Amino acid sequence: MITNILLAVLGVIAGIIFGAIPGMTATMAVAVFLPMTYAYDLVPALYLLLGLYVGGISGGLVPAILINIPGTPSSITTTFDGYPMAKRGEGERALKVGIVSSFFGGIISLLALALFTPLLSAAALKFSAVEKFLIILFALTVIAALSNGQMLRGVFSGFLGVLVSLIGMFSVNNNYRMVPLSLKPYLSDGFQLLPVLIGLFAISQIFEEAEEGMRFKIEKVDGNNSGTKFSMADFKGQGVNVVRSALIGTFMGVLPGVGGSAASILAYSQAKSWSKHPELLGTGVAEGLVASESSNNGLTGGAMIPLLSLGIPGDSTTAVLISAFMLQGIQVGPLFITQNTETWHQILIAMLLCNIIMFLCMFYPIKWISKIIYIPRQRLYPVIIMICVVGAYAAKNGRMFDVWSLLFAGVVGYLFGKIRIPKTCFLIGFILGKDLENYFIQAVSASKGSLLVFFSRPIGWVIWVLIIASIVYAVMDDRKQKARKKAEAAG
Amino acid sequence: MKKLLSVVLAGAMAMSILAGCGSSGGIQVGGGSSSTETTAAAAATQAAGSGESAAPAASADGESSLKGQNVRVVIGSTSTSGDSYMMADVVTRYLSKYMGFNGKVDAIGNAAALEEMQTAKGDGKTVMMFHDMTYMSVLFGAVDEKYSLENMTIGPRFGRNPGACFGAAKESGWTSLKDVTEYLKANPDKTVSFNIEAGGTSHIAFAAYYLDVKAKEGDEVASRIKAIVGGTTAEKLQRLWDRNADVIYGDTSAFEQYTLDGVEAQLAMNMFDSGSTVEGVDIQSMADDGVEFNGKPFDFPKDFAMYFPKDTDANVLAEYEAAMKKVVNDPDFQADMKKLYYTVLSEDEVGLEASQQFILDKRDMCAEIIAQAPNLDEITA
């Protein structure tokens, strides 16, 4: 048992480091450490790998909050409120809110895994391509909510993101779309998410700051001193938000093929829709941070459900985890839990332990971690650029093309800033675009071309109602914000 | 404070480089790894990879002109858990042992790997290891003609995966492709949809079945065989469970669990008609089921070979050939391959000339099938 605990600690710490480095993900962490587990039995191997998974998902919040760069794609919404809080001098508080939310998210999803696996896997089976398409469409409606009174620009930017995500080879007929001849070898899978993500967020920001000129002294805004301190009172009134977001994360994890970033996007959008003060989300409030972090850690338990009960990985990390089982000669699938009760219990214990270790390893040393913001920009930025370049280079096992993509995305992000096009909306379109098309084609081809398939099942009707409600709400909110801005300008 | 900051920043840089160098799937084998993580990983891989017997040593002890050099092995898949990665990883580990180089497998995808073969030097430090899709992607027009085998050097073959097969929902009652044909004959108003990947080995297997039905049962029956294109194994399974596809094609190891007793009805399936005979799995092959092409039983396993740039040094090729002959005779290698249900080739089969002839002959057969195969645009469900 001691070995298992030590492996879990090693896994969590290494996972946090991977998650905190922009461009490195939980999936990479698990893939890198997987061969190391060949020497272990299945149970210790699982402690290590689940530690990496939980740590990798959690570590992404550190750069998202402190330097506005999502460490992993699923922490994109963490930047919306985390970074404004850090800028206000509440970096330590933001990190602690994020860590506690991550812990709650992980525990709630673990409960779902332990108690409702058969039920949830049956529900996942009911979600065909039609429902998955509608869920992605639902997540896309957050674009409207994030536009902050510039809905037209936001929607344009979001659809541009969807368009760019479709660059590459179309798997149905192997034809290239929107790919110049000379780039065919590099763009068969389109632009990689990580270089685009880091380029838009990190490189463009560095360009912007370079334009303004570097300040050669430490900024007055700091990580922890000048703002409000963290206390559990930050979670007052957030109970529903935590549970709702964690369950959204869990359920998105349960749906095979629906990416983890969609979970945090949807949870954030719902937090905004249900908030008493939706206009404050995005300005640096705990509510947004809670939604984002509870949901992306909620994914961890959720993604294990289809893996263990159907044999289908729920996300890219569990797709690598499946190899760990294969190498030990164990088939995950419909008979796994009944035939491997002991292993099943160990998985639950390992998940619980890893969440606790993650909390301890992140919550207490946060005082020191948050000091990153003290580092003068002229020293910090070269390191960030180098880390980003390495992250981009590693995105697809070492291609310089991805480094050029990173720089290109950085320039695009910088130009977007100049012409006031919201890059977050672009990124959300880019993240969700491929899934949107994939499930649309699957649904339409199964219905022999009939679009009525999207209105043919009761689950679909429910999601349509949610989509319409979300759009109506966003339009009304947009009008309100415009009116408020006008009033402010007049007053 | 300045010193501390410098140390922290230097540490961060070093950490990111180490993490980047060892990222997804890039497993450094042999000595001289750039990362302690990957060295440990490689050692562990080796320790476990060969079971209880001695594994290839972490420090390469072989002899060749590549001794001590870094060798990049690119594969035509981006997956690090599929057969392409698994087999390339095993072979690279053993080649590292016998040739003394430090091999690293990079899962960069077909188009990028083919491009590497056009741009890399022919010094043996860049090798492509992949299956039949290397040339099929050219035949199907998925990649440019410049990537044809004529513009590369075919190296030794190193293994074979016979384990892909068709699968259908248990409730359909179909236990062979023959059953599917009988169903189509008995139900003139019905169609049967097959979920395949365009340009993949499933496309060839599907086309062979289609042509066999067309030859034996006529156009009318064949015209009711439809294709649904695209998808990973997980997506194909989901289509089968949604009953949006009637028959899917994938690896026996991925399907096997759904064929067992006790699996709920929506997931339960039968698997049948593998590309070739799979040892240890109770399944008949397409050839056993009577599927023929050009009057001969159709046998289509996935054959894996090494590919090199066109101007590769003949001496280096000879070194790879000699090492591969030693590798296939290594009992540990044989055990590793069998554990994964892959077929070990004989010393004669991995010879350079025999390998080149084999791959070219197989390409000719595929070209013939593709020439006669129906256009997917016309038979898509």
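Modeller: Happy to! Let's begin in chain B, where strand E7 (residues 192–196) and E8(B) run parallel and are joined by 5 bridges. Strands (E, at least two residues) and helices (H or I, at least four) are DSSP runs, numbered from the N terminus. Two strands pair if DSSP finds at least two bridges between them.

Biologist: Before we go on, where does the model come from, and how are things numbered?

Modeller: This is a predicted model: local features need pLDDT of at least 70, side-chain atom pairs count only at pLDDT 80 or more, and totals for chains, interfaces and linings use all residues. Residues are numbered from 1 along each chain as its sequence is written, while chains are lettered from A and ligands numbered from 1 in the order in which they are written.

Biologist: Back to E8(B), then. Which residue there is the bridge partner of Phe194(B)?

Modeller: That is Ala227(B). Ser193(B) has a bridge partner in E8(B) too, namely Lys226(B).

Biologist: And what is the bridge partner of Phe194(B) in E9(B)?

Modeller: There the partner is Val247(B). E7(B) and E9(B) pair over 2 bridges, in the parallel sense.

Biologist: What order do the strands of the sheet come in?

Modeller: The order is E8-E7-E9-E6-E10 in chain B, 5 strands forming an open sheet with mixed pairing. At the edges are strand E8 (225–229) and strand E10 (269–272) of chain B, each pairing on one side only. From one strand to the next, the twist averages 30°.

Biologist: How many residues of E7(B) are buried?

Modeller: 4 of its 5 residues are, making E7(B) mostly covered. A residue is buried if 20 or more other C-beta atoms lie within 10 Å of its own, exposed if 12 or fewer, and partly exposed in between, with C-beta atoms placed from the backbone.

Biologist: Which helix lies across E7 of chain B?

Modeller: Helix H6 (residues 177–186) of chain B does, and it also lies across strand E6 (164–169), strand E9 (247–251) and E10. H6 runs at about 145° to E7(B). Axes are lines fitted to C-alpha atoms, for helices over the stretch in contact, and angles run from 0 to 180 degrees between N-to-C directions. Two residues are in contact if their C-beta atoms, placed from the backbone, lie within 7 Å.

Biologist: What about Gln238(B), buried or exposed?

Modeller: Gln238(B) is buried, with 27 other C-beta atoms within 10 Å. This residue is found in helix H9 of chain B. Gln238(B) and Leu267(B) are 29 residues apart in sequence, and their C-alpha atoms are 9.1 Å apart in space.

Biologist: Where does Arg243(B) lie?

Modeller: In the loop between helix H9 (233–241) and E9 of chain B. Arg243(B) counts as partly exposed because it has 14 C-beta neighbours inside 10 Å.

Biologist: Let's switch to chain A. How many helices and strands are there?

Modeller: Chain A has 21 helices and 2 strands. Its radius of gyration is 22 Å, close to the 23 Å that the globule rule gives for 491 residues, so chain A is as compact as a globular protein of that length. The radius is taken over C-alpha atoms, and the rule is 2.2 Å times the number of residues to the power 0.38. Of the 491 residues, 59% count as buried.

Biologist: Last topic: how confident is the predictor?

Modeller: For chain B the mean pLDDT is 82, and 83% of its residues reach 70 or more. pLDDT is the predictor's confidence in each residue, from 0 to 100. Over residues 19–60 of chain B, pLDDT stays under 50. The model scores ipTM 0.72 and pTM 0.75.
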